[in-house]
Amino acid sequence: MSRRTRILVVEDAPDLREELVDYLQFQGLETTGVGSVAEMRAHLTASSWHILVLDVGLPDGDGVILARELREQHGLDLGIVMVSARGQSEDRINGVRAGADNYLVKPI
């Protein structure tokens, strides 16, 4: 029996979060959206996730710092895709160095 991929979208902009969740669910992926680091931590504690779509600029935390922490805690068991309006090469490099598997620039 195959296991459905579980994705947690961490995005503080409600419209974008809803669009991402709807699109990923439409693709057949089990997806939940949250708007803060506190909500993310609660979901990560409560259940297991395969992929985290992580906004860089959250109201209660820095996505780059979070990516580094999450990579240390979860190793390669958790995929991390960062999303940000910051699209300079340096921003992308910092995201990947922090542990992101991919870095997407908004709008996505």
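This is a predicted model: local features need pLDDT of at least 70, side-chain atom pairs count only at pLDDT 80 or more; totals for chains, interfaces and linings use all residues.
Local features were taken at pLDDT of at least 70 and side-chain atom pairs at pLDDT 80 or more, while totals for chains, interfaces and linings use all residues. Residues are numbered from 1 along each chain, and side-chain values use heavy atoms, with hydrogens and water left out.

Select residues 14-26, which form helix 1 (helices are DSSP runs of H or I with at least four residues, strands are E runs with at least two, numbered from the N terminus). Colour Leu16, Arg17, Leu20, Val21 and Leu24, which are buried (under 20% relative accessible area with a 1.4 Å probe, protein chains only, exposed being over 50%). These residues lie on the same side of helix 1 because they cover an arc of only 130° around the axis, taken from the directions from the helix axis to the C-beta atoms. On the other side, Pro14, Asp15, Glu18, Glu19, Tyr23 and Phe26 are exposed. Now show strand 1 (6-10) and strand 2 (30-34), which are included in what covers the buried residues of helix 1.

Next, select Leu8, Val10, Met40, Leu52, Leu54 and Met82, the residues with the most contacts inside the largest nonpolar core, which has 21 residues (a set of buried Ala, Val, Leu, Ile, Met, Phe, Trp, Tyr and Cys residues joined through side-chain atoms within 4.5 Å). Helix 3 gives the largest share of this core, four residues. Centre on Met40, which touches Leu8, Val10, Val34, Leu52, Leu54, Leu66 and Leu70, not counting residues up to four places away in sequence (contact means heavy atoms within 4.5 Å). Finally, a second, separate core of eight residues includes Leu16, Leu20, Leu24 and Val53.

How values were computed
The expected span of a helix is 1.5 Å times one less than its number of residues.
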